[in-house]
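The following report is intended for a reader who meets this structure for the first time. Please keep the sequence and the model in view while reading.

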Amino acid sequence: MNDEDESEELTYAATGVDIAESEAATAALVGAVGESAGDYAGLLDIGDRYLGLATDGVGTKLLVAEALSDYSTVGIDCIAMNANDLVAAGVRPVAFVDYLAVDEPDERFAEQIGEGLAEGAERAGIELVGGETAVMPEVVKGLDLAGTCAGLAAKDALFPGRADVGDALVGVPSSGIHSNGLTLARTAVTREDDYTDPCPFGDYDTLGEALLEPTRIYTDLLDPMREHGVNAAAHVTGGGWTNLDRLGDHRYAIDDPFDPQPVFDYVQEAGNVSDEEMHRTFNMGTGFVAALSLSDAEALAEAVDGRIIGHVEDGDGVSIRGLEL
């Protein structure tokens with residue numbers, strides 16, 4: 001790679017993940033199979049309550065795990081990415097099934113993945129109720145891990161699903177990069193360094209270990225959010241801060257977000273990534289956002305160890321300290 005290539009500004013699309021194309025493909029799929037209720041989770045009316053279902057995977061974080069021969073945390077990520085989507089809908093996660101696809105069986109990484117799934121289930125307060133391991137050497141190179149989480153909610157327990165103009169936005173910190181945007185993060189980090197290189201920040205031994213920091217699980221937010229009358233919530237996942245658009249057609253003005261963890265600064269500098277691209281791709285230190293009446297916001301912030309990070313206005317888009325997304 002020449003010096004010009006190393007200084008070139010990286011984008012998520014340039015590394016192989018075009019969010020606009022992904023959204024268009026998703027829309028085509030949904031159009032073919034039919035829409036279901038819920039932005040973060042599919043909701044099925046089963047009489048006196050709703051059954052919520054969410055499905056997701058770990059993404060290319062698995063390639064970092066492979067490079068370090070450490071799969072011990074990716075099971076936590078798999079459960080987190082699913083359980084957190086249910087929480088954003090106001091649904092309590094109760095059970096999880098995993099799907100592990102491999103090109104060849106390997107007891108070593110299978111055991112590590114199983115241990116991570118067990119740890120994730122304990123953190124989320126849910127039950128592991130089985131899963132599937134498929135050996136498909138002509139389809140899968142290495143392995144892929146995904147799963148589905150089921151949850152339940154009384155009909156009056158779901159969040160209304162739309163923020164109101166004038167609502168405050170309460171944010172809760174992330175634990176790091178979580179399991180989104182790893183294609184961009186990996187490309188940036190490996191421009192000049194290796195995953196096994198010493199990490200110059202935090203309490204991590206290697207850069208790869210920093211990228212593998214498990215996704216925070218937010219099931220503990222559910223009861224306080226219900227108690228304080230949350231109107232809508234967003235799990236800040238793929239698409240970064242544009243996830244706030246799921247709260248309704250308003251303008252989301254963020255003036256006091258949490259500071260990004262050092263890993264984000266490292267990725268941005270290594271990849272020469274713009275501020276806008278960073279916020280459109282990553283959580284940047286804030287992993288979950290709830291919209292609710294200003295009169296209840298301080299109490300919720302205190303209950304969930306978060307803070308008021310902004311408010312809802314007339315208009316559209318997301319503004320973070322003057323950065324327009």
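## The second largest cavity

By class, the residues that line the second largest cavity are seven nonpolar, no polar and no charged. In this division, Ala, Val, Leu, Ile, Met, Phe, Trp, Tyr, Cys and Pro count as nonpolar, Asp, Glu, Lys and Arg as charged, and the others, Gly among them, as polar. The lining consists of Val189, Phe201, Leu207, Ala210, Leu211, Val263 and Tyr266, and the space inside is about 30 Å³. A cavity is a set of points on a 1 Å grid over the protein atoms alone where a 1.4 Å probe fits but cannot get out, and lining residues have an atom within 4 Å of a point. Grid points are joined across faces, edges and corners, and a volume is the space filled by probe spheres set on the points.

At least two lining residues come from each of α7 (207-211) and α9 (262-271). Helix α7 gives the most, with three residues. Helices (H or I, at least four residues) and strands (E, at least two) are DSSP runs, numbered from the N terminus.

## Basis of the model

This is a predicted model, in which local features need pLDDT of at least 70, side-chain atom pairs count only at pLDDT 80 or more, and totals for chains, interfaces and linings use all residues. Residues are numbered from 1 along each chain as its sequence is written, and side-chain values use heavy atoms, with hydrogens and water left out.

## The largest cavity

The structure holds two cavities of 30 Å³ or more. The largest has a volume of about 40 Å³, and its lining is made of Val170, Val172, Leu221, Met225, Phe288, Ala290, Leu300 and Val304. Two or more of these residues come from each of β6 (168-173) and β9 (286-292). The lining divides into eight nonpolar, no polar and no charged residues.

## The seven-stranded sheet

Strands β6 and β9 also belong to an open sheet of seven strands in the order β7-β9-β6-β10-β8-β11-β12, with mixed pairing. Its edge strands are β7 (232-235) and β12 (323-324), each of which pairs on one side only. Two strands pair if DSSP finds at least two bridges between them.

Strand β9 is antiparallel to β6, with six bridges, and Gly171 has Val289 as its bridge partner in β9. Strand β9 is also joined to β7 by four bridges, again antiparallel; here Ala232 is partnered by Ala291. Strand β6 in turn runs antiparallel to β10 (residues 307-313) over four bridges, where the partner of Leu169 is Gly310. Because seven of the seven residues of β9 are buried, this strand is largely enclosed by the rest of the structure. Buried means under 20% relative accessible area, exposed over 50%, and partly exposed in between (1.4 Å probe, protein chains only).

The buried residues of α9 are Val263, Phe264, Tyr266, Val267, Gln268 and Gly271. Among the elements that cover them are α6 (182-189), α7 and α10 (275-281). Just after α9, Asn272 takes a positive phi of about 50 degrees.

Gly285 is found in the loop between α10 and β9 and is buried, with a relative accessible area of 1%. Its contacts (heavy atoms within 4.5 Å), not counting residues up to four places away in sequence, are Pro173, Ser174, Phe258, Asp259, Pro260, Gln261 and Phe264. Gly285 and His178 are 107 residues apart in sequence, and their C-alpha atoms are 9.8 Å apart in space.

## Asn84 in helix α4

Asn84 is placed in helix α4 (residues 74-89) and counts as buried, at 0% relative accessibility. A polar atom of the Asn84 side chain lies 2.8 Å from the backbone nitrogen of Tyr218. Leaving aside residues up to four places away in sequence, Asn84 touches Thr215, Arg216, Ile217, Tyr218, His235 and Phe288. Phe288 is also one of the residues that line the largest cavity.

Strands β1 (residues 42-45) and β2 (residues 49-57) pair antiparallel over four bridges, and Leu43 has Gly52 as its partner in β2. Their hairpin has three residues between the strands, and Gly47 there takes a positive phi near 110 degrees. Nine bridges join β2 to the antiparallel strand β5 (residues 143-154). In β5, Gly52 is partnered by Gly151.

Key: On a 1 Å grid over the protein atoms alone, a cavity is a set of points where a 1.4 Å probe fits but cannot get out, and a pocket is an open set with protein on both sides within 12 Å along at least five of seven lines; lining residues have an atom within 4 Å of a point. A polar contact is a pair of N or O atoms within 3.5 Å; within protein, one must be able to donate a hydrogen and the other to accept it, and residues adjacent in sequence count only if both atoms are side-chain atoms.
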